[in-house]
Amino acid sequence: NSVYQFDARGLTCPLAFVLVKQQLLKKSTKSFILDDDITLKNFVSYLKSENIRFEQSVQGSDFNVEILD
């Protein structure tokens, strides 16, 4: 059961947020890598507003967001 991961590094808002949200809704992506703090804040805010459970971690300069079932 492999988890599809979306790598949004190098992308910034608003495009990054739009793409990340599309991946979440259309592709059921469960793992995201971001390197833009504004995109991270917007994505986390969206997940909270939709009551979607997630875990967030930092790896170097990258932010990882994992969607929990």
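In this predicted model, helix H1 (residues 15-26) packs with helix H2 (residues 37-49) at an angle of about 35 degrees, and their axes lie 9 Å apart. The crossing of the two helices, H1 and H2, is right-handed.

**Helix contact**

- On the H1 side the contact is made by Ala16, Phe17, Val20, Lys21, Leu24 and Leu25, while H2 contributes Thr39, Asn42, Phe43, Tyr46 and Leu47.
- Sorted by class, the residues in the contact of H1 with H2 are eight nonpolar, two polar and one charged.

**Nonpolar core**

- The largest nonpolar core comprises 16 residues, and those with the most contacts inside it are Phe32, Leu34, Phe43, Leu47, Val65 and Ile67.
- At least two residues of this core are supplied by each of H1, strand E2 (31-34), H2 and strand E4 (62-67), with the largest share, five residues, coming from H2.
- Leaving aside residues up to four places away in sequence, Phe43 touches Phe17, Val20, Leu24, Phe32, Leu34, Val65 and Ile67.
- In soluble globular proteins, nonpolar side chains tend to be buried together.

**Gly60 and its loop**

- Gly60 is placed in the loop between strand E3 (54-59) and E4, and this residue counts as exposed because its relative accessible area, 70%, is over 50%.
- Between the C-alpha atoms of Gly60 and Ser31, which are 29 residues apart along the chain, the separation is 17 Å.

Note on methods: Residues are numbered from 1 along each chain as its sequence is written. This is a predicted model: local features need pLDDT of at least 70, side-chain atom pairs count only at pLDDT 80 or more; totals for chains, interfaces and linings use all residues. Side-chain values use heavy atoms; hydrogens and water are left out. Axes are lines fitted to C-alpha atoms, for helices over the stretch in contact, and angles run from 0 to 180 degrees between N-to-C directions. Helices (H or I, at least four residues) and strands (E, at least two) are DSSP runs, numbered from the N terminus. A crossing is left-handed if the near helix is turned anticlockwise from the far one by less than a right angle, and right-handed if clockwise. Contact means heavy atoms within 4.5 Å. Ala, Val, Leu, Ile, Met, Phe, Trp, Tyr, Cys and Pro count as nonpolar, Asp, Glu, Lys and Arg as charged, and the others, Gly among them, as polar. A nonpolar core is a set of buried Ala, Val, Leu, Ile, Met, Phe, Trp, Tyr and Cys residues joined through side-chain atoms within 4.5 Å. Buried means under 20% relative accessible area, exposed over 50%, partly exposed in between (1.4 Å probe, protein chains only).
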